[in-house]
Amino acid sequence: QVQLVESGGGLVQPGGSLRLSCAVSGSIFSMNTMAWYRQVPGNERELVALIFSGGSANYADSVKGRFTISRDTAKNTVYLQMNSLKPEDTAVYYCYVRAAQTMNPSTAVPYWGQGTQVTVSS
């Protein structure tokens with residue numbers, strides 16, 4: 001049973017910073033793509049940052065230069081460092097992981113966290 005647990009969300013003032021963490025637990029043999037998404041009520045879920053197994057990362061234009069995604073393979077954890085936060089960043093942030101529970105790579109499937117609220121407001 002694979003579980004993703006996000007932490008680090010909360011209320012911050014504009015210009016502040018938050019660091020989100022996503023810990024992956026369960027019987028996992030390998031992980032590939034890890035990402036952070038966010039969603040505002042009434043909007044589609046948006047890809048914020050994506051990191052591949054090799055360490056390369058992609059970011060949405062709206063967060064480039066402000067957000068950094070990273071991973072700790074030994075801890076099976078992915079992070080999102082968010083700096084210079086703006087009210088427009090307010091959303092529920094979701095962790096995404098594609099993982100395999102066997103040595104067969106064809107068994108890799110996506111997993112989602114429950115989401116953590118980030119509110120940027122004075």
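The structure is a predicted model, and every value below was computed from it. The model contains four salt bridges, and Arg38, Glu46, Arg66 and Asp89 are linked in a network of such pairs. A search of the whole structure also finds one disulfide, which joins Cys22 to Cys95.

**Salt bridges**

- Arg38 and Asp89 meet through their side chains in a salt bridge, with an N to O distance of 3.0 Å. The pair links distant parts of the chain, since Arg38 belongs to strand β4 (residues 30-39) while Asp89 lies in the loop between β8 (77-82) and β9 (91-100), 51 residues apart.
- Arg38 counts as buried because its relative accessible area of 6% falls under the 20% limit. Asp89 is likewise buried, with a relative accessibility of 2%.
- Asp89 also forms a salt bridge with Arg66, at 2.8 Å from N to O. Here too the pair links distant parts of the chain, with Asp89 in the loop between β8 and β9 and Arg66 in the loop between β6 (57-59) and β7 (67-72), 23 residues apart.
- Both of these bridges involve Asp89, and the network of salt bridges that includes Asp89, Arg38 and Arg66 takes in Glu46 as well.
- Another salt bridge connects Lys64 with Asp61, whose closest N and O atoms are 3.1 Å apart. Lys64 is partly exposed at 49% relative accessibility, whereas Asp61 is exposed, with a relative accessible area of 64%. The two residues fall into separate classes because the limit for an exposed residue is over 50%.
- As a general point, side chains of opposite charge can pair when their charged atoms come close.

**Arg66 and its surroundings**

- Arg66 is placed in the loop between β6 and β7, and it is buried, with a relative accessible area of 10%.
- The side chain of Arg66 makes a polar contact of 2.8 Å with the side chain of Asp89, the residue with which Arg66 also forms a salt bridge.
- When residues up to four places away in sequence are not counted, Arg66 touches Gln81, Met82, Asn83, Ser84, Leu85, Lys86 and Asp89.

**The disulfide**

- Cys22 and Cys95 are joined with an S to S distance of 2.1 Å. The pair links distant parts of the chain, as Cys22 lies in strand β3 (residues 18-25) and Cys95 in strand β9, 73 residues apart.
- The torsion about the S-S bond of Cys22 and Cys95 is about -90°, and the disulfide is therefore left-handed.
- Cys22 is buried, with a relative accessible area of 0%, and Cys95 is also buried, at 0% relative accessibility.
- In general terms, a disulfide is a covalent bond between the sulfur atoms of two cysteines.

- Arg38, which is in β4, is itself buried, at 6% relative accessible area.
- With β9, strand β4 pairs in the antiparallel sense over eight bridges. The bridge partner of Trp36 in β9 is Cys95, the cysteine that forms the disulfide with Cys22.
- With strand β5 (residues 46-51), β4 also runs antiparallel, and five bridges join the two strands.
- β4 and β5 form a hairpin that has six residues between the strands, and Gly42 in the turn has a positive phi of about 90°.

**Ser7 and its contacts**

- Ser7 is found in strand β1 (residues 3-7) and is partly exposed, with a relative accessible area of 38%.
- Ser7 is in contact with Arg19, Leu20 and Ser21, once its neighbours within four places in sequence are left aside.
- Between Ser7 and Arg19 the C-alpha to C-alpha distance is 8.4 Å, and the two residues are twelve residues apart in sequence.

Methods. Residues numbered from 1 in each chain as written. Predicted model: local features only at pLDDT ≥ 70, side-chain atom pairs only at ≥ 80, totals over all residues. Heavy atoms only, no water. Helix = DSSP H or I, 4+ residues; strand = E, 2+ residues; numbered from the N terminus. Buried < 20%, exposed > 50% of the residue type's maximum accessible area, 1.4 Å probe, protein only. Disulfide = S-S within 2.5 Å. Polar contact = N/O pair within 3.5 Å; in protein donor to acceptor, adjacent residues only side chain to side chain. Contact = heavy atoms within 4.5 Å. Pairing = 2+ DSSP bridges.
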